[in-house]
Amino acid sequence: MSAAGQAVLSAPAVEPRRSAAGLWSDAFYRLRRDRTSIVALAVLALIVLLALGADALATSFFHESFTHQDLLESYDPPSLAKPSLWLGTDEIGRSQIVRLLYGARVSLAVGAGAGLIDLTVGIAIGLSSGYFRGWWDDLMQFLISTLNSIPALFLLLFISVLFSPGPVTIVAVIGFLTWSGIALYVRGQTFSLREREFVTAARVVGADDLRVMVRHILPNVLPLVIVLAAIDVGQAILIESALSYLGLGIDPPTPSWGNMLQNATQDLTLGPWLVWGPGLAISVTVLCLYLAGDGIRDALDPRLRGTE
Amino acid sequence: MALLEVKDLHTNFFTRDGVVKAVDGVSFELNAGETLGLVGESGCGKSVTALSLMRLIPQPPGKITQGQIVFDGTDVLQMDEDEVRGIRGNNIAMIFQDPMTSLNPVLTISRQISEALELHLKMDRSEARKRTTELLDLVGIPSAKKRLDDYPHQFSGGMRQRVMIAMALSCNPKLILADEPTTALDVTIQAQILDLLKNLAQEFRTAFILITHDLGVVAGMTQRIHVMYAGRIVEKADTGELFADPKMPYTWGLLRSIPRLDERRKERLVPIEGLPPDLIAPPPGCKFEPRCQYRRDICREKEPDLVAVPGAKPDHLARCHGTQAGGWLVDTDWRREIGDTRVLEEIKQEVASVPAEAAKTTTADLPPELTQKEGI
C-alpha cells in the first residue's frame with residue numbers, strides 16, 4: 001500500500017461530535033477559529049467601550065471636557081506632552097482626542113439606531129411581501145423601486161432640509177433610506193422558502209401565518225440578514241459623516257466623526273493632523289463591521305454547519 | 001358514524017392554460033382506526049386529495065370548488081381559518097414524502113416536534129420536551145434524550161422520517177395522512193418505516209390514509225384500497241378483495257406492472273401504455289379509455305359510474321362499463337390477462353397478516369396514555 005493510502009487510513013483522528021450543539025453555540029465555536037473576525041470584533045468592542053467610557057476617560061485621564069476651548073492653544077500639533085494633546089487641538093483649542101471619543105458616541109449611536117430601524121422595517125416588509133405576495137407585495141415593490149431610483153444623497157439633502165437636523169432625525173432618515181436592501185433580500189428568500197415542504201409541514205401542524213413567518217422562515221434568512229445589517233450600520237456611519245460633512249448632520253458643538261472631519265478639511269493647511277483622527281476612526285469602524293459581519297455570516301450558515 | 005366522510009370533492013387549479021381538475025368528484029368514508037390506501041400513478045390527484053382534507057391547497061391557484069369534508073361530524077370546508085388550524089396537527093396530522101425537505105434545517109428537532117404540543121395542548125417548554133423524548137423513543141430513535149437538540153442534518157433519511165412520524169403522532173391525532181411516506185427511502189428503510197407505521201396504527205388505533213403508487217406498500221398496511229385515476233376514484237374494495245378479484249382494467253394494469261426480483265422469464269415489465277390524460281381537457285367518456293386495451297365505443301361516449309360489480313362483495317365498486325352488469329369484461333379471467341400471478345400470491349399472504357378488526361374502535365378502549373389529551 002502506498003504512503004498516501006497509509007496516511008488516509010491513519011488520518012481519521014475524528015473529533016468527537018459536539019453533542020447538543022445549538023445554532024448559536026455552534027456558530028460561536030466556529031467564529032472563534034476565524035482570526036480576522038475575532039480581531040474585527042475586538043476592535044469594535046474596544047471602540048464601543050471607549051465611547052461608553054468617554055465621560056470617565058475625559059475627566060480622569062485627559063482632564064479636559066469636549067467643549068473646553070482655549071484660543072491660546074489653537075492648532076497645537078500632536079504631542080506627547082500631555083494626553084489631551086495626543087491628537088493635537090483644533091481651531092479653538094479643543095482637545096481633538098477627547099472630541100473623537102465623544103464623537104464615537106454619536107456616530108455609533110447613529111449607526112446602531114439606523115441599523116435597528118433598517119433591520120426591523122426591512123425584515124417586516126420583506127417577510128410579509130414575500131409571504132403574502134399579491135397587492136401588498138406589488139405596493140412594496142413599487143415603493144422600493146421608487147425609493148431606489150431617486151439618488152440617495154439628493155433624497156437625504158431634501159429630507160434634511162425639511163426636518164431640522166438632529167440625532168433622532170438623522171437616525172430616522174438613514175434608517176428609512178437603507179431598509180430596502182434587506183427587504184429585497186428577505187423577500188426573495190421568502191419567495192423560495194415558502195414553497196418548501198417544511199413550511200407546509202409547519203402549516204399541517206397548525207401554525208398560523210405569523211408563526212410560519214417568524215419561527216420557520218425567518219431563522220433561515222437571519223444569518224445573511226445579519227451581515228447585511230452590519231454592512232448597513234457601516235453605511236449609516238458613512239452617511240452620517242457625509243451629511244455632517246455637508247453641514248446637514250449633527251450640529252456643532254456636539255461632535256460627531258462626520259462634523260469633525262468637515263471641520264478639519266476647512267483648515268487643512270493650518271492643522272492637517274485634525275483629519276487623521278475622525279478619518280481613521282470612520283474607516284476602521286466600517287471596515288471592522290464589514291469583516292465581522294462576513295465572519296458571522298460564515299459561522300451561522302446552516303450549509304456549513306457540521307464542517308470545520 | 002364515520003370519522004371522515006368526503007362527499008363529491010372537487011379541487012381545481014386555475015392556471016393560464018385552463019382549469020386543471022385535479023380532484024374531480026371524489027367521495028369516500030373512513031371509520032375511526034381504519035387504514036385506507038389511496039393508490040394511483042403520479043398526477044392522479046392523491047396528494048391534492050390529502051391536502052384538500054386539511055384545506056392546505058395553495059390558493060391561488062388552487063381552490064376547492066365543491067363538496068363536503070365531514071370530519072368528526074363537522075364540515076371542514078365550512079370552518080373558519082382558526083377552526084381549521086385547531087384541527088391541523090391536533091386531529092389530523094400528515095407525514096410527507098421527502099423527509100429531507102420536510103424538516104426545517106435550522107430548527108432543532110425537539111422544537112419542531114414540540115410545536116404542535118405547544119400550539120394545541122398548551123404545554124410549556126419542559127413538558128413538551130418530556131413528551132418529545134417519549135415520542136422519539138416510541139418511533140425508535142436510539143438515545144432519544146441526547147438527540148433532542150440535534151438538527152435535521154445530523155439524522156439519516158430513515159431517522160428523519162421517524163422524526164416526521166413522531167411529529168404526526170405528537171397530539172394523538174384521530175387521522176394521519178401519509179403521503180408516500182416511504183417513496184424517498186431505500187428499500188430496507190422502507191420496510192422498517194412501514195412496520196413502524198403498521199405497529200403504531202394498531203397500537204394507537206389511529207386512522208390512516210396511506211397514499212402511494214406502490215400496491216406492494218398498501219397490501220400489507222391497509223384494510224381497504226381506493227384506486228384513483230385522473231382525479232377520480234375508479235375502484236374501491238377491501239384490500240383482500242382487490243387483490244383476489246380486481247375489476248377495473250386500470251387496476252389490472254397496475255398489478256401487471258409490479259416488478260419482480262425472481263425474474264425467470266425473458267419477458268419485460270409490462271407498463272400501461274400511454275400517458276395519464278390531460279386534466280384540463282380530459283376525455284369525454286371514461287378517463288382511462290384512451291389507454292384501455294378492452295375499450296369499446298361506449299367508453300368514449302359515456303363516462304361510467306362508480307357502481308357495485310356483479311358477482312363481487314357489495315362494497316366492491318368499479319367505474320367501468322365492461323364490468324358492470326351485462327358488460328363484456330364480467331367473465332374475463334383477469335389472472336390470464338395479467339399473466340404471472342405469483343407476486344400477487346405473495347402480496348395476498350401479506351394482506352392476510354393485517355388484522356381486519358381494527359376498524360371498529362372507539363376512544364373508550366384506548367390505553368390510558370392515549371386519552372391524556374382530554375385530561376390536559
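**Entry 1: confidence**

I began with chain B, which has an average pLDDT of 81, with 86% of its residues scoring at least 70. (pLDDT is the predictor's confidence in each residue, on a scale from 0 to 100.) This is a predicted model, so I noted the ground rules: local features need pLDDT of at least 70, side-chain atom pairs count only at pLDDT 80 or more, and totals for chains, interfaces and linings use all residues. Residues are numbered from 1 along each chain as its sequence is written, while chains are lettered from A and ligands numbered from 1 in the order in which they are written.

Confidence is lowest in helix H14 (residues 372–375), with a mean of 42, and highest in strand E9 (residues 224–229), at 91. (Helices, H or I with at least four residues, and strands, E with at least two, are DSSP runs numbered from the N terminus.) Residues 357–376 of chain B have pLDDT below 50, and this stretch has 22 contacts in the model beyond near neighbours in sequence. (Two residues are in contact if their C-beta atoms, placed from the backbone, lie within 7 Å.) A reminder to myself: where pLDDT is low, the predicted coordinates should not be read in detail. For the complex, the predictor gives an ipTM of 0.76 and a pTM of 0.75.

**Entry 2: the open sheet**

I then traced a sheet in chain B. It is open, and its 8 strands come in the order E6-E7-E8-E3-E9-E10-E12-E11, with mixed pairing. (Two strands pair if DSSP finds at least two bridges between them.) Strands E6 (92–95) and E11 (307–308) of chain B are at the edges with a single partner strand each, so one side of each has no neighbour in the sheet.

Is E3(B) enclosed or open? I found 5 of the 5 residues of strand E3 (residues 35–39) of chain B buried, so it is largely enclosed by the rest of the structure. (Buried takes 20 or more other C-beta atoms within 10 Å of a residue's own, exposed takes 12 or fewer, and partly exposed is in between; C-beta atoms are placed from the backbone.) Thr35(B), Gly37(B) and Val39(B) point one way from E3(B), and Leu36(B) and Leu38(B) the other way.

E3(B) runs parallel to strand E8 (residues 207–212) of chain B over 5 bridges, and Leu38(B) stands opposite Ile211(B) in E8(B). E3(B) is also parallel to E9(B), through 4 bridges; here Leu36(B) stands opposite Arg224(B).
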